[in-house]
Amino acid sequence: MTLKSPKLMEARRAAGILESALRGHTGDLTLADASARSGLPLRDAESGLHLLVSEYRGHLKATTEGELLFRFPHGFTKPWQTRTRLERALGAVLRGAAGVARFLVRAWIAIVLIAYVVIFLGILIAQMFARSNSDSREGSGFSGSFVGYLLFRVVFDAIFWTFHPFSPFVWTAGSSWSSSQDHRGAFGQRRRKDETPFYEKVNRFFFGPTPAPRDPLEHEKLILAEIRAQRGRIGLADVMRVTGLPRDQADPLMARLMLDYDGTVDVSEEGGLVYRFEAIRRTAADAWSPAPAPVWGRREELPPLTGNSGGVNALIVALNGFNLVMSLYALGAHLTIDNLGLLARGVPMSELPDAGTAVALGVVPLVFSLALFALPLGRALLRPLKRRRIGRQNARRAVLRAILSRVGARGRAPITEAELARAWQDAAGEAPSSEEITREVVALGGDVDLEAGEGIRYRFPELETEAKALEAEREAASEEEARPGKVIFSSDV
């Protein structure tokens, strides 16, 4: 396999990743410390650290081992800089404009939904005006108009103060109305108020809950933590244990990490592969890094369909259903923009011309409402497939646990197919096929143990020789590899 030459990351981008990963850190840190916490290759971590030292007036220390220690006494702040009132005001305006833009992008569905509700309510009220004026244009017209206007303002204000994102009131399923103040239950215990904006609940109803952002360097960070916890020596089994990656993905990943973190690979007499990363062990911390939890301890769960309460979902269905019905009514009544103007001037519905297609009040809201109903329905229909996929992922992790717990430097007991099938079923909730078990065993380098008794039993010779080689390498690893050495120069003195 031909390895590509490493590509250098831009120093400014590396500094940004380091700034996020090291935020809150106090004390000295080595290049390996920064690399392990951020997941960056050593070369990129080094360029980013030097840029941060220059920008935030950090300090450097040199040790007898030639190691550089980095310290940021002010953190990632610049207290020596002062800002004028004009700069602060301009910054506040820019932040406010950016906030409004982000809100409009995230809330446009809720805005359109509520806007059409208000428009259609206004049309109904306008019809009431027209009917009242046609019955009595002299005496009751003013009274009817005044009552209709009052009703419109009450409905509009109720919708505005209930749903707009900056309102001090929120609608919850447990109670009709609740202010932004704390509520207490019957026994004086404080109840948690749902502070999710209404537009976010609308988005969750149609598109599902927003998944938590995934760190693109998550696997690298887990592997680096495992390397430091295992004295700089790991194997593919360790990589699979902490990341859950299959063997065919873990192997090329380790080849790339050897370039990024000055690693080497050793082969024992029995053929066991050991990846050595001595440089990444250097640390300024007094305590050693703990090993990351195995991947099977992080069970994947099927996210809820909407993440909202039943009352909120019912309200959204009612609002969208109202728009759907009113759009059909607008199409049948030919409520074009011109006819809407006539209706606003008091012309009765029976006298409106039957000409034109109501696009703005008919076609657009109809398509919009149908599409919004189709989104959660489609997600609900695909939900069993997603549940099955997540179940298989948890099942593969359970099989990996069953295998790695039996493979060790000393213990080489074969594992039966029935044990693997039981582990799969416990995690996925359904029995696996023989082909699924065979596929997982082959992916981990397993072979059928022909010397075993009844039933199918598997052995994993590559993992067994790797575990034996790793045990010998870790016992021989020197603790001095992790020590940065005695400080002989410091820039803060």
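Predicted model: local features only at pLDDT ≥ 70, side-chain atom pairs only at ≥ 80, totals over all residues.
Glu479 is partly exposed, with a relative accessible area of 28%, a class lying between buried, under 20% relative accessible area, and exposed, over 50% (1.4 Å probe, protein chains only). Residues are numbered from 1 along each chain as its sequence is written, and side-chain values use heavy atoms, with hydrogens and water left out.

Glu479 forms a salt bridge with Arg281, the term meaning a side-chain nitrogen of Lys or Arg within 4 Å of a carboxyl oxygen of Asp or Glu. This pair links distant parts of the chain, 198 residues apart, with Glu479 in the loop between α15 (461-476) and β14 (487-490) and Arg281 in the loop between β10 (273-276) and α10 (310-332); here helices (H or I, at least four residues) and strands (E, at least two) are DSSP runs numbered from the N terminus. Arg281 counts as buried, at 5% relative accessibility.

Glu481 also forms a salt bridge with Arg281, and Glu481 counts as buried at 15% relative accessibility. Both Arg281 pairs belong to a network of salt bridges that links Arg231, Arg233, Asp266, Arg276, Glu278, Arg281, Glu473, Glu479 and Glu481. By the rule given above, the count comes to 30 salt bridges.

Another of these pairs joins Arg43 and Asp260. The two residues lie 217 residues apart, Arg43 in helix α3 and Asp260 in helix α9 (residues 247-260). Arg43 is partly exposed, with a relative accessible area of 21%, whereas Asp260 counts as buried at 6%.

| Salt bridge | Closest N and O atoms |
|---|---|
| Arg43 and Asp260 | 2.7 Å |
| Glu481 and Arg281 | 2.9 Å |
| Glu479 and Arg281 | 3.4 Å |

Side chains of opposite charge can pair when their charged atoms come close. What is the nearest side chain of opposite charge to Asp44, which is buried yet has no salt bridge? That side chain is Arg43, 4.3 Å away, where Lys and Arg count as positive and Asp and Glu as negative, with His and the chain ends not counted. Asp44 is found in helix α3 (residues 42-55). Leaving aside residues up to four places away in sequence, Asp44 touches Lys7, Leu8, Met9 and Ala14, contact meaning heavy atoms within 4.5 Å.
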